Amino acid sequence: MMHRHELPIGSEQSSTPTPSGSSFSPKRALIEFAFLAFALAPLFHFGNRAFLGTFSTVFAAIVLEALPFMLIGSVVSGLLGEFASQGGILKVLSKGGAGAPFIAAALGLLFPVCECAIVPIARKLMQKGVPPAVALAFMLGGPIVNPIVFGSTAVAYGLSWDFAFLRLVFGYCTAVFVSFVFALAFRNKRALLLPLSPFPMHENGPQRPSGTLASYVGRARSALVHGAEDFLDMFPFLVMGAFMTAMVQSTLDRSFFVSLAANPGVAILLMMLLAVILSICSEADAFVAASFQVSLPLSAQMGFMVLGPMLDLKLIFMCLGVFRKRAILLVAGTTLVAVFGLMLLFDAYVRWVLS
Amino acid sequence: MREGVYSNRRWWAAGAYLVWASALLWLLLTGRYQAFLRPGFWALLLWALGVLPLFAAALFWAGPSLPSGSMAAVPWIRLGVLVLPLIYVMAGQEQTLGSHALKNRLSGPAFMERFAGGGPAIVEGDNPLVTLLDILQNFKAYEGRKITTHGMVYRDETVPPGHFLVFRFLIVCCAADALPAGALVTHEEVDAFEQDAWVSVEGVVGLKTVGDLTFPLIQAERITKIDPPKDPYLFPRLF
């Protein structure tokens, strides 16, 4: 029995489909092989045990921290695929028109998930018929516009609730803006790796004999299988992103960034760059941003906190399993420009207030 | 034959989940996960430990119609990528963040009051054992008092002669967000302690400015080398 309705989107079109609908991509296998060979090299870097200590600790820490959240995302993704009907929130997101990105970007308030959990869920939403631009608004806004991030930001900044609120507002505005640009740019082009042909949807989910305990058990098992497949498809991207992040964290001197930040514009740009390469979880990044309070303006710290959860190395790698490269480039470019513009305005406002 | 190939991949996929589940079990039982994560993370790791075998079982029992296509055509490559972090967990055993990480993360010492929402209670008494975080969060309360604290030794060209920096890392979620907390230590025998050594410092708390930065200073009366503690990091209370 083939489950055509569950076409994973983690492979290029040139791939050879397997019976599950997943596929073998020679290019991806080659990339993974090259990565594996490269990734094992630091183990033989015996001359510098201190480097290996830092690198292995940071690499393992990022993956171990993200793993439970990715599993949450995968389980939710599997349950969505098997049990979610086309009513409720899916209907709002799928058929909400221009209003849908505004709702999607704020969904994190109801479903607080971090960036590691959100990619598998957004992917499943798209498979369920939610337009990619709307799912993107959820993916970008969710890790910032959520109560846990709001609380941790306030605590990191000495219970500054207004500063935490500003972060949410900036994140929300950026997510909605990028979503609209994405929708315009990819109106007639494919943004995803495989066409997300709508699979048979019924009012109560995919058609199966229903009402019996056996049918529910079967669907639950099926949800687990799909969750497991999603996880296996996405997890290698997380590993690659975490590896690159750990490599950068183990070699980059943060005080170098501070020394370059002579004016606010440069400081904002540098902190945005730092956010991309450090790839710190959105629930903890405010504490790292706050450590720059003595040396950098508020706008640069805010730029770090707004951009990081939307665009960092591990997220970019994970997006490689969902979007085409040109779509990732557009999202990355638009997000960078939007956050930079917002932070320049914020900087001017802060200076005006202080003057 | 094709069915056999796919069935084989399913084994690899289920195997990957079971390897991770075993590793998590080991990390939880030994408490080794605290070298990477905040202690409270045990609950999330337990959740992961529950889901991973379920995923493995689901893939295993799914039958040939639902093979693990996600293991790609060369399953050992994918398996290698999936378990790579565990190889580094093993490789990094007995290692924690130290002076190498500190050098890259010294961006400014004056942020500790930001944790003040959950600052620790002030420890009373003569020569109390306090953490570096206690000193930074309640500096005024400890200034001029004799205390004992534990940390690692750091020195480079920016540390004044006759001093070293005693430091530990603060972790909010995981080692990737680790930030240093430190105090300068002065004593006639500071050169006897090598980089990254764990020490117990007993002395009077004061202040010292080096360049643009102001650090707490401990005028040490006694410094002794100690074994690395079970929990090398400090975990600030958030709320």
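Select chain B to start: this chain holds 6 helices and 5 strands (helices are DSSP runs of H or I with at least four residues, strands are runs of E with at least two, and both are numbered from the N terminus). You are looking at a predicted model, where local features need pLDDT of at least 70, side-chain atom pairs count only at pLDDT 80 or more, and totals for chains, interfaces and linings use all residues. Residues are numbered from 1 along each chain as its sequence is written, while chains are lettered from A and ligands numbered from 1 in the order in which they are written.

Next, colour the strands of chain B. They form a closed barrel of 5 strands, in the order E1-E2-E3-E5-E4, with mixed pairing. Strands of a sheet pair through backbone hydrogen bonds, either parallel or antiparallel.

Zoom in on E1 (residues 146-154) and E2 (residues 163-170) of chain B, an antiparallel pair with 3 bridges (strands pair if DSSP finds at least two bridges between them). Pick B:Val153 and look across to B:Val166 in E2(B), its bridge partner.

Finally, show all of chain B again. How much of chain B counts as buried? Of its 239 residues, 45% do (buried means 20 or more other C-beta atoms within 10 Å of a residue's own, exposed means 12 or fewer, and partly exposed lies in between, with C-beta atoms placed from the backbone).
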